Amino acid sequence: MDDAERRVVARFCLELPELRAEVARLDETKIGQLARIERAAIEGRPISGLLSRYFGIDPATGNRALHGGLPGAGTGRAHEELFGCPHGHCSREERPVPAGPVPRCRLTDSAMKRLR
């Protein structure tokens, strides 16, 4: 998988809880489509085309349905630890809060792999 697709999967993983909640309010077709995208991501297959086809999301510009957040908002992060995708399918990296739990992959619920 190329770097651009890994970034798409990372963003998808990060925003998956919000997308699941939003899709849960829609019809069964959309729920099934999201499940198909999740399976593709878990298997390491590209998801950009599926996001575009099913949800009208342009991976190059972001997700029209999910919040982007404000820069600097949110909790602080420890600088010593860095965790990455446990399967190597995406470029998502997380810094946990000090003494906090190991971050988890939102697709597979696996503990993320320690990078440093």
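Colleague: What does the secondary structure of the protein chain come to?
Modeller: The protein chain has three helices and three strands, in the order α-α-α-β-β-β from the N terminus. Helices (H or I, at least four residues) and strands (E, at least two) are DSSP runs, numbered from the N terminus. This is a predicted model, where local features need pLDDT of at least 70 and side-chain atom pairs count only at pLDDT 80 or more, while totals for chains, interfaces and linings use all residues. Residues are numbered from 1 along each chain as its sequence is written, and side-chain values use heavy atoms, with hydrogens and water left out.

Colleague: How much of the protein chain counts as buried?
Modeller: Of its 116 residues, 34% are buried. Buried means under 20% relative accessible area, exposed over 50%, and partly exposed in between (1.4 Å probe, protein chains only).

Colleague: And what share of the contacts join residues at least 24 apart?
Modeller: 51%, among contacts between residues at least 6 apart in sequence. Contact means heavy atoms within 4.5 Å.

Colleague: Now α2 and α3. At what angle do they pack?
Modeller: Helix α2 (residues 28–42) and helix α3 (residues 48–55) pack at about 175 degrees, and their axes are 10 Å apart. The axes are lines fitted to C-alpha atoms, for helices over the stretch in contact, and angles run from 0 to 180 degrees between N-to-C directions. α2 and α3 are therefore roughly antiparallel to each other, a label for angles over 145 degrees.

Colleague: Which residues meet there?
Modeller: From α2 there are K30, Q33, L34, R36, I37 and A40, and they meet L50, L51, R53, Y54 and F55 of α3. By class, this contact has seven nonpolar, one polar and three charged residues. Ala, Val, Leu, Ile, Met, Phe, Trp, Tyr, Cys and Pro count as nonpolar, Asp, Glu, Lys and Arg as charged, and the others, Gly among them, as polar.

Colleague: Which residues in α3 are buried?
Modeller: S48, L50, L51, Y54 and F55. Seen down the axis of α3, the buried residues fall within an arc of 165 degrees, so they line one face of the helix. The arc is that of the directions from the helix axis to the C-beta atoms. What covers these residues includes α1 (3–24) and α2.

Colleague: S48 is a serine. What does its side chain join?
Modeller: The side chain of S48 has a polar contact of 2.5 Å with that of E5. A polar contact is a pair of N or O atoms within 3.5 Å; within protein, one must be able to donate a hydrogen and the other to accept it, and residues adjacent in sequence count only if both atoms are side-chain atoms. S48 has 17% relative accessibility, so it counts as buried.

Colleague: Last topic, the backbone. Where is phi positive in a residue other than glycine?
Modeller: At D109, with phi near 60 degrees, in the loop between β2 (93–94) and β3 (113–114). Most residues other than glycine have a negative phi.

How values were computed:
Angles under 35 degrees count as roughly parallel, over 145 as roughly antiparallel, 65 to 115 as roughly perpendicular and the rest as oblique.
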